[in-house]
Amino acid sequence: IEKYGQILIGNWQSSTSSSSSSLQNTQQSHQQPPQQHHELCHGEMYDTILADYLVGAMDGFSPYYQDQIFPRLNQHLKPGGTIHVIGLNPIPHNDNTNANANIICKVARVRDACILLAGHRCYREYPIEWIERHLEKVPGWKVVSSSRFPIMYSHAAIVRQLNVARSKLSLFPSKALAKEMEGVIDDLERESREVIARSPNGKIRYGFDYVVTAEKSLEVDG
């Protein structure tokens, strides 16, 4: 994708201000430093923006800013431009209607519990309807398409999520708690293997990823 555009990684919640190093130098020299822009993509405009699992990741790095991210990106979308938002529809805590698929819910719960017990923040996914509503709230934006892509979980995919949980055990507040949780994770891995073995194609179909596309009117600036 790099040959078609820029891959941007940064803090969309950042604001325009002087850097701490410039401020320190100012205090020493008693001179007013030149204003520096530290806002991500300051002044840059694009025909197309691809928000690749951006909203779901924000709670881990810039919590409580999700409702402002589309107006923030609007500053960089040219009139007539397009934004594609990719996301994962949230996994429920339980699914009592589907015994086999409920293993996916249990794995997600344990993974997130381990992340929290390690003192870290979890990602927080948002449903496709939330994305559509908030895209439409931006002046001049109109949702033109929404697509859903069912997820097929293999045992390897489930184990990757369990390994995220395992990677947090060393950060638990006590070794005893970590040991107990390690047993829970091992049990889930065995249970998931049994569930997958019962599946005709060796995978569990559950939930979906989505792509929501919105266009910006030619008559709207900024």
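This is a predicted model: local features need pLDDT of at least 70, side-chain atom pairs count only at pLDDT 80 or more; totals for chains, interfaces and linings use all residues.
Figure 1. A disulfide would need the two sulfur atoms within 2.5 Å, and the structure accordingly holds zero disulfides. Cys114 counts as buried, with a relative accessibility of 0%, and Cys122 is buried as well, with a relative accessible area of 12%.

**Figure 2. The aromatic pair of Phe70 and Trp141.** The count of aromatic pairs comes to three. In one of them, the ring centres of Phe70 and Trp141 lie 6.3 Å apart and the ring planes meet at 50°, so the pair is classed as tilted. Phe70 belongs to helix 3 and Trp141 to strand 3, so this pair ties together parts of the protein that are 71 residues apart in sequence. Both Phe70 and Trp141 are buried.

**Figure 3. The largest nonpolar core.** This core has 26 residues, and those that touch the most other members are Ile69, Phe70, Ile83, Ile131 and Leu135. At least two core residues come from each of strand 1 (46-52), helix 2 (54-57), helix 3 (69-74), strand 2 (77-88), helix 5 (128-136), strand 3 (141-153) and strand 4 (204-216). Apart from this core lies another one, of 24 residues, whose members include Tyr153, Ala157, Leu162 and Leu188.

**Figure 4. The surroundings of Ile83.** When neighbours within four places in sequence are left aside, Ile83 is in contact with Ile49, Phe70, Leu73, Leu77, Leu135, Trp141, Val212, Thr213 and Ala214. Among these partners are Phe70 and Trp141, the two residues whose rings form the tilted pair. Phe70 and Leu135 are also partners of Ile83, and they stand with Ile83 among the residues that touch the most other members of the largest nonpolar core.

**Figure 5. The whole protein, as a setting for the close-up views.** The protein has seven helices and four strands, which follow one another along the sequence in the pattern α-β-α-α-β-α-α-β-α-α-β. Of its 222 residues, 39% are buried, while the protein exposes about 13,400 Å², of which carbon and sulfur atoms supply 51%. Among the contacts between residues at least 6 apart in sequence, 78% join residues that are at least 24 apart.

Conventions: Residues are numbered from 1 along each chain as its sequence is written. Side-chain values use heavy atoms; hydrogens and water are left out. A nonpolar core is a set of buried Ala, Val, Leu, Ile, Met, Phe, Trp, Tyr and Cys residues joined through side-chain atoms within 4.5 Å. Buried means under 20% relative accessible area, exposed over 50%, partly exposed in between (1.4 Å probe, protein chains only). Contact means heavy atoms within 4.5 Å. Accessible areas come from the Shrake-Rupley method with a 1.4 Å probe; for residues, only the protein chains shown count as cover. Rings of Phe, Tyr and Trp (its six-membered ring) pair if their centres lie within 6.5 Å; planes under 30 degrees apart count as stacked, over 60 as edge-to-face and the rest as tilted.
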